[in-house]
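Here are my notes on this one, point by point. Have the model open while you read.

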Amino acid sequence: MSKVKMHRSTPSIDMTPMVDLAFLLVTFFMLTATARPDEPVQVATPTSVSEMPIPDRDMIIISIGKDNKVYFTVDGKFTRPKMLREMGKIYNISFTQEEEDIFAVLTTFGIPIQNLKQFLDLGREERKQIEQTGIPVDSLNNQLKDWVLQARLANPKVRIAIKGDDDATYSVVKKIISTLLDRKVNRFNLITGKEEIPEEMRKAAVKKPS
Amino acid sequence: MSEIAQSGGGGKKGGKVRSKKTSTRIDMTPMVDLAFLLLTFFILTTTLSKPTTMEITMPEKVKEDDKQPEVNEKKVLTLVLGENDKVYWYVGITDPKVTKANFSKDGIRKVLLEKKAEIRDMIVLIKALDESKYKNLVDILDEITITNIQRFAIVDVTPVDKELVKEAI
């Protein structure tokens with residue numbers, strides 16, 4: 001009696017569809033990816049039902065950290081050095097070409113202008129490790145006011161957004177808003193996460209002309 | 001003469017040497033490894049959910065000699081944002097009754113909807129105490145959007161408001 005031999009299937013399987021899919025996804029992610037920039041502060045924004053996306057360009061973003069420190073950034077390779085130069089003039093600090101170049105590619109920063117030169121002279125890694133103290137926004141020493149003005153002079157198209165942390169206290173937000181109002185900026189954006197409109201409220205909210 | 005039988009290639013046809021046919025299958029494992037490595041990398045580094053923004057327009061700062069338009073105080077609903085995610089609200093200005101609410105669905109939203117139906121051309125004043133969180137401000141603006149209230153303003157707290165809120169606690 002001969003036993004029926006089990007047909008042994010080959011252990012190698014056709015991987016082509018899987019590879020196809022993998023590469024498709026790789027391509028998709030590569031094309032849609034915008035690398036997350038190094039931020040000195042992690043801001044957990046509150047959520048809102050607003051559906052307006054933030055523009056990618058020409059934005060001043062004023063971040064408020066958990067610890068109520070204020071950070072500032074503006075995009076634009078040409079805007080940033082110009083802004084820095086003008087700021088230097090106001091505070092009597094001259095920045096070298098090198099420092100301007102470094103500043104141009106920097107992202108968010110929260111350093112008082114007096115310490116900025118020192119900060120820019122540090123190495124790349126050192127700069128990451130240093131703890132930023134935040135931009136002064138007190139009424140006596142309000143550097144944010146000057147940053148905003150110089151950024152707007154350097155790039156008149158720029159729009160202003162506030163990116164606050166959930167736990168930032170309102171007193172800081174109030175100072176920033178008041179600073180902006182002093183500069184005649186009456187319209188600005190609050191950056192938030194996305195949230196769904198509650199179903200029963202949808203009709204009312206949709207009716208709103210925008 | 002002895003011939004070695006070969007299965008793949010052969011030198012049978014008139015002594016012509018045919019090149020050995022190799023399998024068309026190649027080992028894809030390293031490529032797949034690489035593909036998935038890249039895939040993982042890109043998935044982890046992308047920020048998919050793009051943040052949204054809400055646009056707010058603030059009134060200009062009031063100058064000394066500016067005349068402010070007068071409004072009927074019965075149409076004014078004041079919301080005071082306090083500590084620990086509490087919100088206090090009252091209608092009118094003289095001798096108001098302060099009520100405490102929270103940010104849940106049945107909290108301030110219900111109040112806003114009720115008052116909106118009750119009062120025509122209601123004006124909502126949002127006053128945030130210094131102790132309140134930024135989240136509270138965004139939440140309340142959100143409620144305003146959800147309940148579709150057109151007239152609202154963010155204003156500074158007055159000492160009177162602080163007293164009223166203290167009593168309500």
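1. Ground rules before anything else. This is a predicted model, in which local features need pLDDT of at least 70 and side-chain atom pairs count only at pLDDT 80 or more, while totals for chains, interfaces and linings use all residues. Residues are numbered from 1 along each chain as its sequence is written, and chains are lettered from A and ligands numbered from 1 in the order in which they are written.

2. Chain A, overall. It has eight helices and six strands (DSSP runs, H or I of at least four residues for helices and E of at least two for strands, numbered from the N terminus). Along the sequence the pattern reads α-β-β-β-β-α-α-α-α-α-β-α-β-α. Of the 210 residues in chain A, 29% are buried (20 or more other C-beta atoms within 10 Å of a residue's own; 12 or fewer is exposed, in between is partly exposed, and C-beta atoms are placed from the backbone). Among chain A contacts with a separation of 6 or more, 71% are between residues 24 or more positions apart; a contact here means C-beta atoms, placed from the backbone, within 7 Å.

3. Chain B, overall. Here the count is four helices and six strands, running α-β-β-β-β-α-β-α-β-α from the N terminus. Buried residues come to 22% of the 169 in chain B. For contacts in chain B between residues at least 6 apart in sequence, 60% join residues at least 24 apart.

4. Strand pairing inside chain A. Strand β3 (residues 59-64) of chain A runs parallel to strand β5 (residues 159-164) of chain A, with six bridges joining them; strands count as paired if DSSP finds at least two bridges between them. I60(A) sits opposite I160(A) in β5(A). On to the next pair: β5(A) and β6(A) are also parallel, joined by two bridges, and I162(A) is opposite L190(A) in β6(A).

5. Pairing across the chains. Which way do β6 of chain A and β1(B) pair? Antiparallel: strand β6 (residues 187-194) of chain A and β1(B) share six bridges.

6. The interface as a whole. The contact takes 51 residues from chain A and 41 residues from chain B. On the chain B side, α1 (29-45), β1 (52-57) and α3 (134-146) each supply at least two residues. The biggest giver there is α1(B), with nine residues. Sorted by class, that side of chain B has 19 nonpolar, eleven polar and eleven charged residues (Ala, Val, Leu, Ile, Met, Phe, Trp, Tyr, Cys and Pro are nonpolar, Asp, Glu, Lys and Arg charged, and the others, Gly among them, polar).

7. A helix crossing in chain A. The axes of helix α2 (residues 79-91) and helix α6 (residues 143-154) of chain A come within 9 Å and cross at roughly 130°. Axes are lines fitted to C-alpha atoms, for helices over the stretch in contact, with angles from 0 to 180 degrees between N-to-C directions. That makes α2(A) and α6(A) oblique to each other (under 35 degrees is roughly parallel, over 145 roughly antiparallel, 65 to 115 roughly perpendicular, and the rest oblique). From α2(A), the residues T79(A), K82(A), M83(A), E86(A), M87(A) and I90(A) meet D146(A), W147(A), Q150(A), A151(A), L153(A) and A154(A) of α6(A). By class, this contact has seven nonpolar, two polar and three charged residues.

8. Two asparagines to check. Most residues other than glycine have a negative phi. N68(A), in the loop between β3 and β4 (70-74) of chain A, has a positive phi of about 65°. N68(A) counts as partly exposed, with 18 C-beta neighbours inside 10 Å. In chain B, N148(B) has a positive phi of about 60° and is found in the loop between α3 and β6 (152-155). N148(B) is partly exposed too, because 17 other C-beta atoms lie within 10 Å.

9. One last residue. K162(B) is in helix α4 (residues 159-168) of chain B. K162(B) and V80(B) are 82 residues apart in sequence, yet 8.8 Å apart in space, C-alpha to C-alpha. Is K162(B) buried or partly exposed? Partly exposed, because K162(B) has 15 C-beta neighbours inside 10 Å.

Notes: Two residues are in contact if their C-beta atoms, placed from the backbone, lie within 7 Å.
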